[in-house]
Amino acid sequence: KQWYQRRVRASKRALKSPVSTPNNFRCIGKIIYSTTGKVKVIELYRPPDGYFGFQISPAVQENKLRVFISGFGHGLTDKLFTGLMAIGDEVLNVNGHSVSSRSFTDVISLLSMSQTLLLTVKSNEPPYTAGGVQRKR
């Protein structure tokens, strides 16, 4: 009986605690535009520590640079970027500049220049219909 009474008192104290928004909440980004296919335009915001939190890797095909999301850093997981980007997604544009006509060094410079990034990203995931059944091409 004493255990139960202590539990009830603790529950009542917990109910009196104020509920509020988190103090350390930071918006990572948002989707600006998305097609029904795989391409979307996303806006990312630079955090106070100075890093956007994702890594890129280059690939060259037919003398054109292709840039892919290769990972997430600083202890961040891909869950924070869910819906925005994923490992394997291709970056097509950075702040309106096509990456295929630039060098990888230029792309890194574009990424590091602004506080807000506007990225056009092509998803590497297969398109799905409602119900999770993969569409045939």
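The second largest pocket of this predicted model holds about 280 Å³ of space. Of the 14 residues that line this pocket, Tyr51, Phe52, Gly53, Phe54 and Leu111 are the closest to its centre. Strand 3 and helix 2 each supply at least two residues of the lining, and helix 2 gives the most, with four residues. By class, the lining consists of eight nonpolar, five polar and one charged residues.

Phe54 also belongs to the largest nonpolar core, which has 22 residues. Within this core, Phe54, Leu44, Met85, Val94 and Leu119 touch the most other members. The elements that give two or more residues to the core are strand 2 (39-45), strand 3 (54-61), strand 4 (64-72), strand 5 (90-94), helix 2 (104-113) and strand 7 (116-122). Strand 4 gives the most, with four residues. In soluble globular proteins, nonpolar side chains tend to be buried together.

Leaving aside residues up to four places away in sequence, Leu119 touches Lys40, Val41, Ile42, Leu44, Phe54, Met85, Val91, Asn93, Val94 and Leu111. Among these, Phe54 and Leu111 are also named with the residues closest to the pocket centre.

Strand 7 pairs with strand 2 and with strand 5, as the table sets out.

Conventions: Residues are numbered from 1 along each chain as its sequence is written. This is a predicted model: local features need pLDDT of at least 70, side-chain atom pairs count only at pLDDT 80 or more; totals for chains, interfaces and linings use all residues. Side-chain values use heavy atoms; hydrogens and water are left out. A nonpolar core is a set of buried Ala, Val, Leu, Ile, Met, Phe, Trp, Tyr and Cys residues joined through side-chain atoms within 4.5 Å. Buried means under 20% relative accessible area, exposed over 50%, partly exposed in between (1.4 Å probe, protein chains only). Contact means heavy atoms within 4.5 Å. Two strands pair if DSSP finds at least two bridges between them. On a 1 Å grid over the protein atoms alone, a cavity is a set of points where a 1.4 Å probe fits but cannot get out, and a pocket is an open set with protein on both sides within 12 Å along at least five of seven lines; lining residues have an atom within 4 Å of a point. Grid points are joined across faces, edges and corners, and a volume is the space filled by probe spheres set on the points. Ala, Val, Leu, Ile, Met, Phe, Trp, Tyr, Cys and Pro count as nonpolar, Asp, Glu, Lys and Arg as charged, and the others, Gly among them, as polar.
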